[in-house]
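Hi,

Here is the structure I promised to pass on to you.

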Amino acid sequence: MEMLAIAEKEHDESRQGEAFSPFTNDPNQYQRKFYIESYGCAMNFADSEVVASILNSEGFGATRNVEEADLVLLNTCSIREKAEQTVRKRLTEFKTLKRSRPGMLIGMLGCMAERLKSKLLEEEKLVDMVVGPDAYRSLPSLISQADTGQKAVNVLLSREETYADISPVRMDDNGVCAFVSIMRGCNNMCSFCVVPFTRGRERSRDAYSVVAEAEALFAQGYREVTLLGQNVDSYYWVDEKQDTIVTFANLLEKVAQISPLLRVRFSTSHPKDITDEVLHTIARYENICNYIHLPVQSGSTRILQLMNRTYTREWYIAKVNRIREILPDCSISTDIIAGFCTETEEDHQDTYTLMEYCKYDLAYMYFYSERPGTLAERRYTDDVPEEVKKRRLQEIIALHRIHSLESMQRDVNKTFKVLIEGNSKKSDQHWYGRTDHNKVVIFPKEQYKVGKGGYVTVYIDSCTAGTLFGTVQSVL
Ligand code: SAH
Ligand code: SF4
Ligand code: F3S
């Protein structure tokens with residue numbers, strides 16, 4: 001379970017329950033206060049920053065204290081049943097709070113809002129507002145409507161909305177790393193996945209606005225941007241000014257050219273779409289991190305077919321080989337689902353042996369959770385018993401733990417360039433940073449005059465399966 005815990009800490013359900021707010025402005029200057037909690041993937045966290053920006057211009061300031069909020073928002077995730085259960089539990093807590101604060105509004109945003117639509121208003125009366133991921137511009141009018149006691153819903157999905165012109169209000173207090181959304185929605189129809197239904201059709205954001213946002217972040221002192229999309233490699237934007245097409249490789253290059261001091265990451269790559277052009281672009285720019293998240297989902301071709309992933313085991317392996325050929329020093333991470341419909345022990349073994357081949361540096365592993373409305377729910381029976389799913393998950397987690405430890409051990413006695421992101425959680429005498437490979441490094445601050453956002457080279461002395469420990473060798 002520990003590896004799963006590590007995986008989830010950094011991935012989608014990671015920051016569940018953790019609330020954070022945009023305090024870049026003095027909340028006292030606003031008439032009303034909002035409180036927002038975000039669940040799910042990085043896209044949701046990025047969206048909450050768009051929502052904060054819209055609310056700020058409507059006279060709402062952020063608060064970290066739900067007790068003093070006039071508006072309580074939950075930006076929700078539907079990817080697995082567990083994610084929805086957590087949100088429901090939280091809503092019940094807020095409902096209790098509302099009894100003592102009758103004017104307070106509760107709003108549900110994000111994927112669960114899109115999936116359940118007005119159900120939560122009508123049947124369970126848990127919320128006052130339901131707002132889908134493409135409807136955040138209508139928040140001001142929905143709030144006015146809810147203020148008058150009417151139930152307010154907008155779950156319309158759009159084919160165009162990218163919020164390109166809205167400058168997100170950064171809600172972290174880190175000031176070094178930021179997410180930049182480059183596209184929305186997903187046109188793939190992986191049979192297990194709810195995202196195409198909650199996020200709608202795929203659309204790419206204006207490349208100029210992406211570059212402008214990354215430039216502004218760099219000017220504010222940020223040193224790492226992660227370009228976000230469900231499937232970044234299918235980014236496609238027509239530049240009418242130049243009469244050209246901007247591909248993901250082109251966009252990556254434009255962002256990398258902002259400054260060699262700005263690290264660029266991206267997520268997520270669908271194995272079917274990542275091109276050699278992208279790999280060569282990564283190779284050309286030192287500041288594009290050598291790290292690719294390449295979710296495989298299963299090692300069995302038969303299961304991959306049922307999942308509608310559109311590649312086979314062999315095709316995936318060939319892609320991994322290609323990455324290693326063009327980028328010999330690239331770390332690769334993955335997502336795996338254990339116990340998808342009809343999965344046999346043999347299919348499970350295929351996942352196991354694929355993992356042995358790929359030796360992922362990082363993996364996010366889940367057991368299959370049937371989602372209403374998905375292709376798998378309609379076509380197949382969720383027939384792998386829960387205890388079998390969980391046992392298989394434990395087996396792949398145990399195997400991955402060996403691989404991740406080996407991957408960390410390979411870095412011991414080597415030197416890496418590290419971007420300092422802040423204090424180590426355990427000690428303010430230590431810095432926390434990451435290598436280009438996305439591995440966490442903890443090292444003593446000592447006498448060096450370098451701070452958050454600075455680059456150092458760190459000699460790695462020791463490691464665990466999740467963390468590298470070292471000492472500063474030089475300040476860059
Ligand atoms: N767009 C990304 C995935 C987003 S969802 C991609 O295609 O890679 C993140 C991960 O959640 C998926 O990769 C998958 O491993 C997992 N996931 C999605 N639906 C799931 C389900 N119904 N049950 C269990 N895990 C699921
Ligand atoms: Fe879901 Fe597949 Fe789209 Fe990823 S690519 S969001 S798994 S449908
Ligand atoms: Fe969850 Fe929606 Fe992201 S379902 S994983 S928040 S796109």
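**Aromatic pairs**

Let's begin with Tyr311, which has a relative accessible area of 5% and therefore counts as buried. Please keep in mind as you read that this is a predicted model.

There are 9 aromatic pairs in the structure. In one of them, the ring centres of Tyr311 and Tyr316 are 5.8 Å apart and the planes stand at 35°, so this pair is tilted.

An edge-to-face pair is formed by Phe340 and Tyr368, with 4.9 Å from centre to centre and 75° between the planes. Phe340 belongs to the loop between β15 (331–338) and α13 (345–358), while Tyr368 belongs to the loop between β16 (362–367) and α14 (375–379), so the pair ties together parts that are 28 residues apart in sequence. Both Phe340 and Tyr368 are buried. These two rings also belong to one aromatic cluster, made up of Phe192, Phe340, Tyr368 and Tyr380.

**Charges over rings**

Two spots are worth a look if you like charge and ring contacts. Arg80 places its charged end over the ring of Tyr366, 3.6 Å from the ring's centre. Lys417 lies over the face of Tyr455, and here the distance to the ring centre is 4.7 Å.

**Salt bridges**

The count of salt bridges comes to 35. I picked out three of them for you.

Asp134 and Arg203 meet through their side chains in a salt bridge of 2.9 Å, N to O. Asp134 sits in the loop between β5 (129–131) and α6 (139–147), and Arg203 sits in strand β9 (residues 203–204), so this pair ties together parts that are 69 residues apart in sequence. Asp134 and Arg203 are both buried. They are also members of a salt-bridge network that links Asp47, Asp134, Arg184, Arg199 and Arg203.

Next, Arg302 makes a salt bridge with Asp347, and their closest N and O atoms are 2.6 Å apart. Because Arg302 is in helix α11 (residues 301–307) and Asp347 is in helix α13, this pair ties together parts that are 45 residues apart in sequence. Arg302 has a relative accessible area of 36%, so Arg302 is partly exposed. Asp347, on the other hand, has a relative accessible area of 5% and is therefore buried.

The last one joins the side chains of Lys117 and Glu114, at 3.9 Å from N to O.

**A nonpolar patch on the surface**

Which residues form a nonpolar patch on the surface? They are Tyr236, Val238 and Ile245, and together they have about 290 Å² of accessible area. Ile245 is part of strand β12 (residues 244–247). With a relative accessibility of 43%, Ile245 counts as partly exposed.

Notes
Residues are numbered from 1 along each chain as its sequence is written. Chains are lettered from A and ligands numbered from 1 in the order in which they are written. This is a predicted model: local features need pLDDT of at least 70, side-chain atom pairs count only at pLDDT 80 or more; totals for chains, interfaces and linings use all residues. Side-chain values use heavy atoms; hydrogens and water are left out. Rings of Phe, Tyr and Trp (its six-membered ring) pair if their centres lie within 6.5 Å; planes under 30 degrees apart count as stacked, over 60 as edge-to-face and the rest as tilted. Buried means under 20% relative accessible area, exposed over 50%, partly exposed in between (1.4 Å probe, protein chains only). Helices (H or I, at least four residues) and strands (E, at least two) are DSSP runs, numbered from the N terminus. A charge sits over a ring if NZ of Lys or CZ of Arg is within 6 Å of the ring centre and within 35 degrees of the ring normal. Patches are made of residues with over 30% relative accessible area and no salt bridge: like charges are joined within 9 Å, nonpolar side chains (Val, Leu, Ile, Met, Phe, Trp, Tyr) within 5 Å. Accessible areas come from the Shrake-Rupley method with a 1.4 Å probe; for residues, only the protein chains shown count as cover. A salt bridge is a side-chain nitrogen of Lys or Arg within 4 Å of a carboxyl oxygen of Asp or Glu.
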